[in-house]
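Thanks for making time this morning; I would like to walk you through one model, going from strand to strand and then out to the helices and loops.

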Amino acid sequence: MKVDLHTHSNYSDGTLDPEELIQKAHDLGISHLALCDHDSTGGLETARAKATGLNMTLISGIEINTSETSSVHILGYFIDEKSEDLQKTLRDHREIRAKRSEMILERLRQMGIKIHLSDFGGRKETASIGRPHIADKLKEKGVVFSRQEAFEKYLAKGKSAYAFYEGPTPQRAIEIILQAKGVPVVAHPGFFVSKEMMDNLVKLGLQGIETYYPTHRPDQIKWFLDLAKSRDLVVTGGSDYHGPGSGHELLGQVPVPAEVVDRIWERKQKLFG
Ligand SMILES: [Zn+2]
Ligand SMILES: [Zn+2]
């Protein structure tokens, strides 16, 4: 059993469509994959169908970026994607993201780089638009050579075309996932590592820590494992794969103990029966 519990498709900022993602995971010998697109569950159905055909298990996931400036993202596992409350909330988030993208594009246009929101028209209604898509357009237009360069020159915080994204509070993100009967897990805590923040999230109903992650050092992993034990949290892990050309391309390369899938499922049963 090979497990990757953090991946993205082109329903958010990944570069592969859900079917291509599943095929690639299968080719790499992955048996259990969680698709965790930002603010969208639109890719889950096709991904699940493809996974079933290849005898793989697709775990329904989501990732919600919060208003905390220090990259506090909340993953949700085994969410009920049919929940109407969930879908309404995600639609609202995608709308806010679209507005933010429009602000970024306006800034780029003022610099003479003509890209319009309608240029992203091929995207499905349930897909979210974010900075990586704008980066890809800049590359397509020959303004930059890579996503990374687009961020460094224009899109990163403090750069000329940057616009602020006001996500939900961590409390709201956890609440949204619990309402959809999902297991809320803090993503890549190595990016912010603050004991206070972690304690706060646990108080708000957090159920797990993404412990195994490409940039986590061994001492951090140990700290997260200890924390999980003392706070009765589940441990998860994944590569945060975003597809070829994304700069986040370690699909299946982060060792994650296979038993974590059962532990997350058991937590869901414990919470929701
Ligand atoms: Zn994230
Ligand atoms: Zn992610």
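This is a predicted model: local features need pLDDT of at least 70, side-chain atom pairs count only at pLDDT 80 or more; totals for chains, interfaces and linings use all residues.

Let me begin with β1, which is mostly covered, since five of its five residues are buried; a residue is called buried if 20 or more other C-beta atoms lie within 10 Å of its own, exposed if 12 or fewer, and partly exposed in between, with C-beta atoms placed from the backbone. Residues are numbered from 1 along each chain as its sequence is written, and chains are lettered from A and ligands numbered from 1 in the order in which they are written. Helices (H or I, at least four residues) and strands (E, at least two) are DSSP runs, numbered from the N terminus.

From β1 we move to strand β2, residues 32-35, which runs parallel to β1 and is joined to it by three bridges; two strands are taken to pair if DSSP finds at least two bridges between them. Within this pairing, Asp4 has Leu33 of β2 as its bridge partner.

Stepping back to the whole sheet, what is the order of its strands? It is an open sheet of seven strands, ordered β1-β2-β3-β4-β5-β6-β7, and the pairing is mixed. Because β1 (3-7) and β7 (234-237) stand at the edges with a single partner strand each, one side of each is left without a neighbour in the sheet. From one strand to the next the twist averages 30 degrees, where axes are lines fitted to C-alpha atoms, for helices over the stretch in contact, and angles run from 0 to 180 degrees between N-to-C directions.

On to the next pair: β5 and β6 are paired in the parallel sense over two bridges, where Val186 stands opposite Ile209 in β6. Together with helix α7 (residues 195-203), β5 and β6 make a right-handed β-α-β unit.

Which way do the residues of β5 point? In a regular strand the side chains alternate between the two faces of the sheet. In strand β5 (residues 183-186), Val183 and Val185 point one way, Pro184 and Val186 point the other way, and all are buried.

Now to the helix pair α4 (residues 131-140) and α5 (residues 147-155), which pack at an angle of about 105 degrees with their axes 9 Å apart. That makes α4 roughly perpendicular to α5, given that angles under 35 degrees count as roughly parallel, over 145 as roughly antiparallel, 65 to 115 as roughly perpendicular and the rest as oblique. From α4, the residues taking part include Arg131, Ile134 and Leu138, and from α5 they include Phe151 and Tyr154.

In helix α6 (residues 170-179) we find Glu175, which counts as partly exposed, with 17 C-beta neighbours inside 10 Å. Ile176 also belongs to helix α6, but Ile176 is buried, with 23 other C-beta atoms within 10 Å. Leaving aside residues up to four places away in sequence, Ile176 touches Ile64, Leu86 and Thr89, where contact requires that the C-beta atoms, placed from the backbone, lie within 7 Å.

Most residues other than glycine have a negative phi. Asn55, in the loop between α2 (44-53) and β3, has a positive phi near 65 degrees, and Asn55 is exposed, with 8 other C-beta atoms within 10 Å. Asp232, in the loop between α8 and β7, likewise has a positive phi, of about 55 degrees, and Asp232 is exposed with 9 other C-beta atoms within 10 Å.

Definitions and conventions:
A crossover is right-handed if, with the strands pointing away from the viewer, the path from the first strand over the helix to the second runs clockwise. Two residues are in contact if their C-beta atoms, placed from the backbone, lie within 7 Å.
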